[in-house]
Amino acid sequence: MLDLYKLIGSMDKAKLLEGLNTSNQDRHFELMVNRLLRFRQLNPGKKPKFNLVFEGVNLGYWCGRQREFYRMGKLSPQRIERLQSIGFPLKTRRSKGEK
């Protein structure tokens with residue numbers, strides 16, 4: 001199987017994603033939101049753990065990245081609105097060391 005990251009070498013993953021058509025990124029985002037909704041339907045009251053693989057993708061990692069993008073100010077208003085519309089918690093409890 002071809003490993004795209006090895007083929008490209010040290011290129012940053014974010015730069016690689018910049019080359020994707022925005023509509024493809026939007027479709028992928030919506031696909032992940034729908035996976036999260038299916039996970040919630042099958043597991044009421046549970047949140048995906050960080051390392052949870054659901055339907056072949058690491059859904060827990062994706063959820064964590066959305067929160068990270070939100071904290072960094074890199075999540076678009078449309079995506080923030082979409083995540084909030086399904087009750088996705090963008091803000092989490094602060095760790096003990098944070099003020």
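This is a predicted model: local features need pLDDT of at least 70, side-chain atom pairs count only at pLDDT 80 or more; totals for chains, interfaces and linings use all residues.
**View 1. Phenylalanine 29 and tryptophan 62 form a tilted aromatic pair.** Rings of Phe, Tyr and Trp (its six-membered ring) pair if their centres lie within 6.5 Å; planes under 30 degrees apart count as stacked, over 60 as edge-to-face and the rest as tilted. Here the centres are 5.7 Å apart, with 50 degrees between the planes. Because phenylalanine 29 belongs to helix H3 and tryptophan 62 to helix H4, the pair ties together parts that are 33 residues apart in sequence. Helices (H or I, at least four residues) and strands (E, at least two) are DSSP runs, numbered from the N terminus. Phenylalanine 29 counts as buried at 5% relative accessibility, and tryptophan 62 is buried with a relative accessible area of 9%. Buried means under 20% relative accessible area, exposed over 50%, and partly exposed in between (1.4 Å probe, protein chains only).

**View 2. Phenylalanine 39 and phenylalanine 54 form an edge-to-face aromatic pair.** The ring centres are 5.6 Å apart, and the planes make an angle of 85 degrees. Phenylalanine 39 lies in helix H3 and phenylalanine 54 in strand E1, so this pair ties together parts that are 15 residues apart in sequence. Phenylalanine 39, at 6% relative accessibility, counts as buried; phenylalanine 54, at 13%, is also buried.

**View 3. The largest nonpolar core has 15 residues.** A nonpolar core is a set of buried Ala, Val, Leu, Ile, Met, Phe, Trp, Tyr and Cys residues joined through side-chain atoms within 4.5 Å. The residues with the most contacts inside this core are Leu36, Leu59, Trp62, Leu83 and Phe88. Helix H3 (22–42), helix H4 (59–72) and helix H5 (77–85) each supply at least two of its residues. The largest share, five residues, comes from H3. Apart from its neighbours within four places in sequence, leucine 83 is in contact (heavy atoms within 4.5 Å) with Phe29, Val33, Trp62, Gln66, Leu75, Phe88 and Leu90.

**View 4. Glutamate 30 and arginine 82 meet in a salt bridge.** The structure holds five salt bridges, a salt bridge being a side-chain nitrogen of Lys or Arg within 4 Å of a carboxyl oxygen of Asp or Glu. In this one, the N to O distance is 2.7 Å. Since glutamate 30 lies in helix H3 and arginine 82 in helix H5, the pair ties together parts that are 52 residues apart in sequence. Glutamate 30 is partly exposed at 29% relative accessibility, and arginine 82 is partly exposed with a relative accessible area of 24%.

**View 5. Arg35, Arg38 and Glu55 are linked in a network of salt bridges.** Between arginine 38 and glutamate 55, the closest N and O atoms are 2.6 Å apart. This pair links distant parts of the chain, with arginine 38 in helix H3 and glutamate 55 in the loop between strand E1 (53–54) and strand E2 (57–58), 17 residues apart. At 32% relative accessibility arginine 38 counts as partly exposed, as does glutamate 55 at 39%.

**View 6. Helix H4 has 14 residues.** From its first C-alpha to its last, H4 reaches 20 Å, close to the 20 Å expected at 1.5 Å a residue; the expected span is 1.5 Å times one less than the number of residues. Leu59, Gly60, Trp62, Cys63, Gln66 and Arg67 are buried in this helix. Arginine 65 and glutamate 68 form a salt bridge with an N to O distance of 3.1 Å. Being three residues apart in H4, these two are separated by about one helical turn. H4 is followed by glycine 73, whose phi is positive, near 75 degrees.

**View 7. Arginine 79 is found in helix H5.** Its side chain makes a polar contact with the side chain of aspartate 26 at 3.2 Å, and the side chain of arginine 79 also reaches the backbone oxygen of glutamine 25 at 3.3 Å. A polar contact is a pair of N or O atoms within 3.5 Å; within protein, one must be able to donate a hydrogen and the other to accept it, and residues adjacent in sequence count only if both atoms are side-chain atoms.

Note on methods:
Residues are numbered from 1 along each chain as its sequence is written. Side-chain values use heavy atoms; hydrogens and water are left out.
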